[in-house]
Amino acid sequence: VKSQQFQRLWRIHTKNDVDSKEMWHTEQGGGVTASAAGGQVTGFRAGQMDDTQFTGALIIDDPVKPDDAYYEKIRERVNDNYNETIASRLAVESVPIIAVMQPVHWHDLSGYLLTGGSGEVWYHLRMPVVIDHTEPYPEEYTHGIPIDHGLEDGWLWPFKHSAKHEPALKAHRRRYWAQYRLKPIKRDAENA
């Protein structure tokens with residue numbers, strides 16, 4: 001927020017009372033309280049006690065590392081933590097929860113939520129490395145509502161990935177289908 005790049009776009013200034021990466025407030029009344037996925041969030045609320053206007057959001061950003069997603073105990077701890085702690089941290093029910101992550105495992109937090117693990121319905125923006133409108137929305141995502149991104153078929157970001165990169169992207173099958181195509185394969189489907 002204090003960087004020149006940010007300040008060129010938005011004139012938001014932070015208060016001097018609390019000034020760390022984990023917690024800060026703006027002079028305009030906003031702020032951030034950040035915690036690791038398993039970190040302490042009890043005592044904090046997302047948003048304010050006002051359901052007539054937007055007062056903030058609870059943002060979950062990559063709650064499980066790709067290296068950890070294949071360990072059931074870690075994955076289940078993150079999923080349980082969502083239901084048992086994180087989901088109850090809203091000041092009022094109208095405060096949105098935004099999960100930003102690439103699927104790494106078919107039952108990581110994104111798969112867990114989209115297949116009904118929390119019982120909530122989620123708006124779901126999928127942006128795989130290759131956009132293909134002929135691919136149907138995964139039928140197992142019973143609790144997902146796809147958002148139309150309006151992009152044309154082809155490579156999502158040709159500057160970074162293109163047909164010449166495809167052999168390298170496909171070199172690791174599990175990573176390709178999970179992180180690049182956003183369709184994690186189940187263990188029994190890997191022919192392992």
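Does E166 count as buried, partly exposed or exposed, and at what relative accessibility? At 24% relative accessibility, E166 counts as partly exposed. The figure lies between the 20% and 50% cut-offs, so neither buried nor exposed applies. This is a predicted model, and every value here is computed from it.

Start with the whole chain. The protein chain has 192 residues, and 29% of them count as buried. Its C-alpha atoms fill a box of roughly 55 × 40 × 30 Å, taken along the principal axes. The secondary structure comes to five helices and nine strands. Along the sequence, the pattern reads α-β-β-β-β-α-β-α-β-β-β-β-α-α.

Go back to E166 and its partner. K170 forms a salt bridge with E166. The closest N and O atoms of this pair are 3.2 Å apart. K170 is partly exposed, with a relative accessible area of 42%. E166 is partly exposed as well, at 24%.

The count of salt bridges in the model comes to four. One of them joins R181 to E135, with the closest N and O atoms 2.3 Å apart. This pair links distant parts of the chain, 46 residues apart. R181 sits in the segment after α5, and E135 sits in the loop between β7 and β8 (144–146). The burial of the two residues can be read from their areas. R181 has a relative accessible area of 8%, so it is buried. E135 has 24%, so it is partly exposed. K183 belongs here too: E135, R181 and K183 are linked in a network of salt bridges.

Stay in the segment after α5 (173–180), where L182 also lies. L182 is buried, with a relative accessible area of 11%. Its backbone deserves a look. Most residues other than glycine have a negative phi. Phi of L182 is near 60°, a positive value in a residue other than glycine.

A positive phi also turns up at D62, where the angle is near 45°. D62 is not a glycine either. Its place is in the loop between β4 (58–61) and α2 (72–84). D62 is partly exposed, with a relative accessible area of 47%. That value falls under the 50% cut-off, so D62 does not count as exposed.

V64 is found in this loop between β4 and α2 as well. Is V64 buried or exposed? V64 is buried, because its relative accessible area is 7%, under the 20% cut-off. The C-alpha atoms of V64 and R77 are separated by 9.9 Å. Along the chain, these two residues are 13 residues apart.

K65 brings in another salt bridge. Its partner is D68, and the closest N and O atoms are 3.8 Å apart. K65 counts as exposed, at 54% relative accessibility.

Now turn to the second largest pocket. Its volume is about 790 Å³. Its lining has 27 residues. Of these, A99, V100, Y123, H124 and L125 lie nearest the centre of the pocket. Which elements give two or more residues to the lining? They are β5 (97–100), α3 (109–114) and β6 (122–124). β5 gives the most, with four residues. By residue class, the lining divides into 20 nonpolar, three polar and four charged.

L125 lies in the loop between β6 and β7 (130–131). L125 is partly exposed, with a relative accessible area of 45%. A patch residue needs over 30% relative accessible area, so L125 passes that cut-off.

Definitions and conventions:
Residues numbered from 1 in each chain as written. Predicted model: local features only at pLDDT ≥ 70, side-chain atom pairs only at ≥ 80, totals over all residues. Heavy atoms only, no water. 1 Å grid on protein atoms, 1.4 Å probe; cavity = no way out; pocket = protein on both sides within 12 Å on 5 of 7 lines; lining within 4 Å. Points joined across faces, edges and corners; volume = space filled by probe spheres on them. Nonpolar A, V, L, I, M, F, W, Y, C, P; charged D, E, K, R; others polar. Buried < 20%, exposed > 50% of the residue type's maximum accessible area, 1.4 Å probe, protein only. Salt bridge = Lys/Arg side-chain N within 4 Å of Asp/Glu carboxyl O.
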